[in-house]
Amino acid sequence: MTVPEYEELAEVYDRWTASNDYESWCDYIQRRIPPSAQVLDACCGTGTMMRLLQSRGFSVAGVDGSAAMLGRAASSLEPGTLLWQQDLSRPGAPPTTFDALICCFDSVNYFVADDGLDALFSFAAGAVRPGGRFLFDVNTEHKLAEIFGNSHYGDDLGQFAYVWRNRYDPDQRRVQFLISLFIEGDGAYHRHEIHHVQRWFPHDTLLSAAAAHGFDLVEVCDDYSDRPVGIGTLRETWVLTRR
Ligand SMILES: C[S@@+](CC[C@H](N)C(=O)[O-])C[C@H]1O[C@@H](n2cnc3c(N)ncnc32)[C@H](O)[C@@H]1O
């Protein structure tokens with residue numbers, strides 16, 4: 001089963017995320033895994049973090065729910081890189097274990113179904129060898145409610161333009177994104193309507209999911225940095241170790 005929200009975004013995803021500081025995120029990850037670690041990227045998208053890790057000598061594999069995102073990843077990674085399609089919000093084990101599992105750029109927030117986070121952590125428990133690490137980031141309630149919530153964004157990036165409307169529901173802890181995407185092609189802009197939902201997870205929910213699946217907390221910080229989490233934190237980075 002595929003993740004449909006990303007099928008059309010795949011075409012413009014790398015342009016859209018060009019301002020993400022993947023290099024410094026990778027620096028943070030590199031400092032927390034062994035130099036020869038075999039790394040699995042869950043929700044790897046177009047493989048940007050995988051490419052960086054490969055360029056730094058790591059062995060990497062990737063899994064994502066979107067065939068279109070994986071297609072982009074496959075075309076830019078080293079030949080023979082293991083990639084597979086899997087909906088990680090549903091039960092399913094990985095084919096082998098790794099030294100580290102990463103899940104970057106808000107992907108955890110997409111596990112909106114009530115059993116989605118449990119499915120992701122169950123997958124993580126099967127993917128990480130004992131003593132190995134699970135590193136992920138996750139948007140905070142402050143970001144979903146105050147930054148994304150009830151706002152409009154738009155930009156024209158030449159090859160594509162977008163209008164992005166958000167609604168945050170505090171009871172559901174979910175933000176709905178309605179994205180109108182206009183992609184240039186054949187002398188016209190073609191319109192796509194895309195609906196995304198992200199969910200906020202309180203610390204106790206994440207800690208319970210980690211403990212239930214055999215992970216202990218190493219650290220939580222502000223967005224791949226040495227800063228502690230504070231009231232202004234927009235994205236947290238979590239580091240867990242597998243018992
Ligand atoms: C914001 S993108 C992040 C991609 C990549 N990690 C990065 O840093 O650019 C979120 C990714 O999560 C994937 N995704 C969302 N829900 C998923 C699910 N249930 N199972 C597998 N992949 C999922 C999407 O297909 C998309 O590639």
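How many residues of domain 1 are in contact with residues of domain 2? In this predicted model, local features need pLDDT of at least 70 and side-chain atom pairs count only at pLDDT 80 or more, whereas totals for chains, interfaces and linings use all residues. Residues are numbered from 1 along each chain as its sequence is written, and side-chain values use heavy atoms, with hydrogens and water left out.

The chain is divided into domain 1 (4–141 + 201–242) and domain 2 (142–198), with bounds that come from an automatic or database domain assignment. Contact, meaning heavy atoms within 4.5 Å, links 23 residues of domain 1 with 24 residues of domain 2, and the centres of the two domains, taken over C-alpha atoms, are separated by 23 Å.

The largest nonpolar core has 47 residues, of which Trp 16, Val 39, Met 49 and Leu 181 touch the most other members. Such a core is a set of buried Ala, Val, Leu, Ile, Met, Phe, Trp, Tyr and Cys residues joined through side-chain atoms within 4.5 Å; buried means under 20% relative accessible area, exposed over 50%, and partly exposed in between (1.4 Å probe, protein chains only). Among the elements that each supply at least two residues of this core are helix H1 (13–16), helix H3 (48–55), strand S4 (98–103) and strand S8 (174–185), where helices (H or I, at least four residues) and strands (E, at least two) are DSSP runs numbered from the N terminus. Both domain 1 and domain 2 give residues to the core, which therefore lies between them. Leaving aside neighbours within four places in sequence, Val 39 is in contact with residues including Ile 33, Leu 53, Phe 58, Phe 98 and Ile 102. Apart from this core lies another, of 30 residues, among them Ala 42, Val 108, Leu 120 and Phe 136.

Seven strands form an open sheet of mixed pairing, in the order S3-S2-S1-S4-S5-S11-S10, two strands being paired if DSSP finds at least two bridges between them. Strand S3 (82–85) and strand S10 (215–222) are the edge strands, each pairing on one side only. On average, and with direction ignored, neighbouring strands of the sheet are turned by 15 degrees against each other; axes are lines fitted to C-alpha atoms, for helices over the stretch in contact, and angles run from 0 to 180 degrees between N-to-C directions. The pairing of S10 with strand S11 (residues 235–242) is antiparallel and spans seven bridges, and Cys 221 stands opposite Thr 237 in S11. Helix H2 packs on the sheet, touching S4, strand S5 (128–139), S10 and S11, and its direction makes about 25 degrees with that of S11. Helix H5 (residues 116–127) lies across strands including S1, S2 and S3, and runs at about 145 degrees to S5.

Within strand S5, Asn 139 is buried, with a relative accessible area of 1%. The side chain of Asn 139 makes a polar contact with that of Gln 198 at 2.9 Å; a polar contact is a pair of N or O atoms within 3.5 Å, of which, within protein, one must be able to donate a hydrogen and the other to accept it, and residues adjacent in sequence count only if both atoms are side-chain atoms.

Cys 43, in the loop between S1 and H3, has a positive phi of about 65 degrees although it is not a glycine, and Cys 43 is buried at 18% relative accessible area. Arg 173, in the loop between S7 and S8, has a phi near 60 degrees and counts as partly exposed at 34% relative accessibility.
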